[in-house]
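This report describes a protein chain with a ligand. Please look over the sequence and the model before reading on.

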Amino acid sequence: MNDPRERPAHPGAEDGRPSGHDGPAAEDGRHVPGGRSGPAGDAPEGLPGDLRPVGSGEPLVVVEGVTRVYRTGPKEVVALRDVSFEAYPGELVTIRGRSGSGKTTLLNQIGGLDRPDGGRVVVAGRTVTELPEAGLLELRRDVVGYVFQAFGLIPVLSAAENVGVPMRLARTPVPERERRVAMLLSMVGLEKHANQRPYELSGGQQQRVAVARALANRPRLLIADEPTGQLDSQTGRQIMLLLRAVVRSEGVTALVATHDPALLTLSDRTLELRDGALVPAEPQPAGVTA
Ligand SMILES: Nc1ncnc2c1ncn2[C@@H]1O[C@H](COP(=O)(O)OP(=O)(O)O)[C@@H](O)[C@H]1O
Ligand SMILES: [Mg+2]
């Protein structure tokens, strides 16, 4: 269980679609052009993706003693209590916890969408919690890719145009943008759907577009907040397998909030939040609490 090496040959092959053309074109997610050299950056050349070391080297994400208190009128809600952990390149970490346990709040501190009341977050060497607004903009554009539960695609744009949006914002030259959009759509198995609008796609396909869009600017960190929350369990599993293939092939770190127990087996590591505090996700010696 939780074996990072256990994975199907085709991350998209469980779609149940007869055509068989909707799975990621990059078999195994390994030979994806434009990817980084390897998950850990120091993996020996030619080593199959499933034999590469996972979670090695310097941490990409460092969370230290993060606390967030929401104050609405006289009421105080402690959404995060002294949360600390690290995540490494090429690692898929799931964050679980029931609704209201602080998952979204935690992801928002890491992605620079919110600021904590205490503690520190470092992502790819940047101290997120000290960045000025311009630095946060750059972080959100260049370093972090987001996937949300509700897909968040722009309805009037085609799948290809949606994937291209972050590159437009980053002023990527048109030829490079078009090349990467095509590569990303093929990676998520949607090359045949490039010109369709979101409403012409299934939920699972829309989320695939969202994953491709999140990867547009080659982020080092992928943040996914309940990415399977609006999908049936089979499609949700597909998206999770896709995320895992991407983590391996692009060498990114992924933080995925979910409360679906079925998906936890697909992650390298699970963090559990309870009332804003990290608690051991699996049986550990007594007295070990975060
Ligand atoms: N903007 C906000 N203002 C006030 N309270 C909030 C706000 N966002 C979240 N909360 C509260 O913080 C706690 C954690 O919420 P959240 O991070 O959304 O949890 P989860 O994503 O695990 O469901 C909950 O008690 C929630 O009601
Ligand atoms: Mg949430």
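## Strand β7 and its sheet

From β7, the side chains of Leu 221, Ile 223 and Asp 225 point one way, Leu 222 and Ala 224 point the other way, and all are buried. A residue is buried if 20 or more other C-beta atoms lie within 10 Å of its own, exposed if 12 or fewer, and partly exposed in between, with C-beta atoms placed from the backbone. Since five of the five residues of β7 are buried, the strand is largely enclosed by the rest of the structure.

This is a predicted model, in which local features need pLDDT of at least 70 and side-chain atom pairs count only at pLDDT 80 or more, while totals for chains, interfaces and linings use all residues. Residues are numbered from 1 along each chain as its sequence is written, and chains are lettered from A and ligands numbered from 1 in the order in which they are written.

Helices (H or I, at least four residues) and strands (E, at least two) are DSSP runs, numbered from the N terminus. The protein chain has seven helices and 10 strands. Two strands pair if DSSP finds at least two bridges between them. Strands of a sheet pair through backbone hydrogen bonds, either parallel or antiparallel.

Six strands make up an open sheet with mixed pairing, in the order β6-β7-β8-β3-β9-β10. Its edge strands, β6 (144-148) and β10 (277-279), each pair on one side only. On average, neighbouring strands of this sheet are turned by 25° against each other, direction ignored; the axes are lines fitted to C-alpha atoms.

β7 (residues 221-225) runs parallel to β6, and five bridges join the two. With β8 (residues 253-257), β7 also pairs in the parallel sense over five bridges. Some bridge partners are listed here.

| Residue | Bridge partner |
|---|---|
| Val 147 | Ala 224 in β7 |
| Phe 148 | Asp 225 in β7 |
| Ala 224 | Val 256 in β8 |

## The nonpolar core

Which residues touch the most other members of the largest nonpolar core? They are Ile 110, Val 123, Val 211, Leu 243 and Ala 254, in a core of 64 residues. Helix α6 (residues 233-250) gives the most to this core, namely eight residues. A nonpolar core is a set of buried Ala, Val, Leu, Ile, Met, Phe, Trp, Tyr and Cys residues joined through C-beta atoms within 7 Å.

Apart from neighbours within four places in sequence, Ile 110 is in contact with Val 61, Val 63, Val 121, Val 123, Val 128, Ile 223 and Leu 255. Two residues are in contact if their C-beta atoms, placed from the backbone, lie within 7 Å.

## Around ligand 1

The residues around ligand 1 include Tyr 70, Thr 72, Val 77, Ala 79, Gly 102 and Lys 103, each with its C-beta atom, placed from the backbone, within 6 Å of the ligand. Elements giving two or more residues to this shell are β1 (61-72), β2 (75-87) and α1 (103-110). The largest share, three residues, comes from α1.

β1 and β2 run antiparallel and are joined by nine bridges. Arg 68 stands opposite Leu 80 in β2. The hairpin of β1 and β2 has two residues between the strands, and Gly 73 there takes a positive phi near 65°.

Methods: Axes fitted to C-alpha atoms, helices over the stretch in contact; angles between N-to-C directions.
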